[in-house]
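Please take a look at the picture, then follow along below.

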Amino acid sequence: MCAGGSTLIVDDIIDTAGTLVKTADALLREGATQGFAACTHAVLSGPAVERSRSQNITEIVATDSVR
């Protein structure tokens, strides 16, 4: 469990951020205090930026692998 701690969500791609948001929600329900995310491919299409801003995700770190 993650009660009272920070969490790191690692994913291969953030496209619309749907999976990221659902994962962050689940971790927060379990007691996490903040969430960080890391991904290889930051596509960020459609509602991705708005979704990630509206959640309790402190920071997203991504590589520059999609050109």
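## A helix across the strands

Helix H1, made of residues 18-29, lies across E1, E2 and E3, and runs at about 165° to E1. Do keep in mind as you look that this is a predicted model.

## The sheet

Turning to the strands themselves, 3 of them form an open sheet, ordered E1-E2-E3, with parallel pairing. At the edges are strand E1 (6-14) and E3, each of which pairs on one side only. From one strand to the next, the twist averages 20°.

## From E2 to E3

Strand E2 (residues 34-42) and strand E3 (residues 57-62) run parallel and are joined by 5 bridges. To get from E2 to E3, the chain passes through helix H2 (residues 48-54), and this β-α-β crossover is right-handed.

Is Gly-46 buried or exposed? With a relative accessible area of 74%, Gly-46 is exposed, because exposed means over 50% on this scale.

Gly-46 can also be placed relative to Ala-32: the two are 14 residues apart in sequence, and their C-alpha atoms are 27 Å apart in space.

Definitions and conventions:
Residues numbered from 1 in each chain as written. Predicted model: local features only at pLDDT ≥ 70, side-chain atom pairs only at ≥ 80, totals over all residues. Heavy atoms only, no water. Pairing = 2+ DSSP bridges. Helix = DSSP H or I, 4+ residues; strand = E, 2+ residues; numbered from the N terminus. Right-handed = clockwise from strand over helix to strand, strands pointing away. Axes fitted to C-alpha atoms, helices over the stretch in contact; angles between N-to-C directions. Contact = heavy atoms within 4.5 Å. Buried < 20%, exposed > 50% of the residue type's maximum accessible area, 1.4 Å probe, protein only.
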